[in-house]
Amino acid sequence: MQTTQSTLKSRQKTLDLIITSMLIALVFVSTVFLNIRLPIAANGGLVHLGTAMLFISSILFGPKKGALAGAIGMGLFDIIGGWVLWAPITIVSRGLQGYIVGKISWLNGQKGNSLALNLTATIISIPFMVAVYYIGESFLYGNWIAPLASIPGDLVQNVLGIVIAIPICIALKKVSYFK
């Protein structure tokens, strides 16, 4: 009996590792290949679909996997994509954002099944993401004015993420795996 339980726990841990790794890869690939640089920020301004994948990961799999997918997936993009100075900011910002979305979406045992909670979660996470980037960029730029130029791009990226993620989550919640 004990051997069966330890085998089941081992399989569950392996499955969790595989799912988390796949979510990280989805966020990373969506950030790398599905992005547009905006001309509104002097030193960046990037809109990508990694945010949509972060929202989907957090809503479908909860705060821990959402936080890891966002932090590692987008952090790797920054490191590999030439935005190395932004990587620590991204890791904190996107990890926090993924955690917030997952935590709110999974309130009261909902497990991402409530459209109202999912929408609320994504909207509530935006000011935290923007604030972390703003503070981080303020240190990078050495002033509090220059980072203001990044805020419109951050908002566009998050709104696009919500518009894509919410309908996809509604559709995926009909799949037996997520019921």
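Is Trp144 buried, partly exposed or exposed, and at what relative accessibility? Trp144 is partly exposed, at 48% relative accessibility. Buried means under 20% relative accessible area, exposed over 50%, and partly exposed in between (1.4 Å probe, protein chains only).

The model is predicted: local features need pLDDT of at least 70, side-chain atom pairs count only at pLDDT 80 or more, and totals for chains, interfaces and linings use all residues. Residues are numbered from 1 along each chain as its sequence is written, and side-chain values use heavy atoms, with hydrogens and water left out.

**View 1. Aromatic pairs.** Rings of Phe, Tyr and Trp (its six-membered ring) pair if their centres lie within 6.5 Å; planes under 30 degrees apart count as stacked, over 60 as edge-to-face and the rest as tilted. Trp83 and Trp86 make an edge-to-face pair, because their planes stand at 80° with the ring centres 5.8 Å apart. Both of these residues, Trp83 and Trp86, are buried. Tyr134 and Trp144 make a tilted pair, because their planes stand at 40° with the centres 5.8 Å apart. Tyr134 belongs to helix 5 (residues 115-141) and Trp144 to the loop between helix 5 and helix 6 (151-172), so this pair ties together parts 10 residues apart in sequence. Helices (H or I, at least four residues) and strands (E, at least two) are DSSP runs, numbered from the N terminus. Elsewhere, Phe61, Tyr177 and Phe178 are linked into a cluster by ring pairs.

**View 2. The salt bridge of Lys65 and Asp16.** The structure holds one salt bridge, defined as a side-chain nitrogen of Lys or Arg within 4 Å of a carboxyl oxygen of Asp or Glu. Its partners are Lys65 and Asp16, with the closest N and O atoms 3.3 Å apart. Lys65 lies in helix 3 and Asp16 in helix 1 (residues 2-33), so the bridge ties together parts 49 residues apart in sequence. Lys65 is buried, at 15% relative accessibility. Asp16 is partly exposed, at 29%. Beyond neighbours within four places in sequence, Lys65 is in contact with Asp16, Ile19, Thr20 and Leu23. Contact means heavy atoms within 4.5 Å.

**View 3. Helix 5 and its cover.** Helix 5 has 27 residues and reaches 39 Å from first C-alpha to last, close to the expected 39 Å. The expected span is 1.5 Å times one less than the number of residues. Buried residues of helix 5 include Ala121, Ser125, Met129 and Tyr133. Their cover includes helix 2 (50-61), helix 4 (87-105) and helix 6. Just after helix 5, Gly142 takes a positive phi of about 80°.

**View 4. Helix 6 and its cover.** The end C-alpha atoms of helix 6 are 31 Å apart, which agrees with the 32 Å that its 22 residues should span. Among its buried residues are Gly153, Gln157, Gly161, Ala165 and Cys169. Cover for the buried residues of helix 6 includes strand 2 (46-48), helix 2, helix 4 and helix 5.

**View 5. A nonpolar surface patch.** Leu68, Ile72, Leu76, Ile79, Ile80 and Val84 form this patch, with about 510 Å² of accessible area together. Patches are made of residues with over 30% relative accessible area and no salt bridge: like charges are joined within 9 Å, nonpolar side chains (Val, Leu, Ile, Met, Phe, Trp, Tyr) within 5 Å. Accessible areas come from the Shrake-Rupley method with a 1.4 Å probe; for residues, only the protein chains shown count as cover. Ile80 lies in helix 3 and is exposed, at 61%.
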